[in-house]
Amino acid sequence: MEWVDRYRDKKIECMSRDEMAALQSERLVKQVKNVYDNVAFYNKKMKELGIEPGDIKGIEDIHKLPFTTKED
């Protein structure tokens with residue numbers, strides 16, 4: 001078997017850094033909206049920080065999101 005045939009998902013595993021960043025941004029935006037709308041814990045955390053899903057435009061905004069700690 002050729003090494004190029006060993007990829008699980010060649011499209012994703014071989015994409016450029018820019019393509020990967022765009023994909024990650026797209027998925028992050030969708031996930032933030034999903035948890036804001038459906039997970040009371042994260043909805044509350046985001047509201048406490050004054051963050052709404054529209055404030056997250058991509059991975060460059062990840063620092064704005066609340067992260068869980070052991071105490072949570």
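K30 counts as exposed, at 55% relative accessibility; here exposed means over 50% relative accessible area, buried under 20% and partly exposed in between, with a 1.4 Å probe and protein chains only. Before going further, please note that this is a predicted model, in which local features need pLDDT of at least 70 and side-chain atom pairs count only at pLDDT 80 or more, while totals for chains, interfaces and linings use all residues. Residues are numbered from 1 along each chain as its sequence is written, and side-chain values use heavy atoms, with hydrogens and water left out.

**Salt bridges**

K30 has a salt-bridge partner in E26, which is partly exposed with a relative accessible area of 44%. A salt bridge is taken as a side-chain nitrogen of Lys or Arg within 4 Å of a carboxyl oxygen of Asp or Glu, and by this rule the count comes to 5. K30 and E26 are about one helical turn from each other because they sit 4 residues apart in helix α2 (residues 17-38). Helices (H or I, at least four residues) are DSSP runs, numbered from the N terminus.

Helix α2 also holds D37 and K33, again 4 residues apart, or about one turn. Both are partly exposed: D37 has a relative accessible area of 44%, and K33 has 45%. Elsewhere, D61 pairs with K64; D61 is buried at 9% relative accessible area, whereas K64 is partly exposed at 34%.

Here are the N to O distances for these pairs:

| Salt bridge | N to O distance |
|---|---|
| K30 and E26 | 3.5 Å |
| D37 and K33 | 2.6 Å |
| D61 and K64 | 3.5 Å |

Helix α2 has 22 residues and spans 31 Å from its first C-alpha to its last, close to the expected 32 Å, a value given by 1.5 Å times one less than the number of residues. Its buried residues are L23, S25, L28, V32, V35 and Y36. Their cover includes α1 (10-13) and α3 (40-49).

The largest nonpolar core has 7 residues: L28, V32, Y36, M46, I51, I56 and L65. Of these, 3 come from α2, the largest share. Such a core is a set of buried Ala, Val, Leu, Ile, Met, Phe, Trp, Tyr and Cys residues joined through side-chain atoms within 4.5 Å.

Setting aside neighbours within four places in sequence, I51 is in contact (heavy atoms within 4.5 Å) with Y36, M46, I56, K64, L65 and P66.

Note on methods: Helix = DSSP H or I, 4+ residues; strand = E, 2+ residues; numbered from the N terminus.
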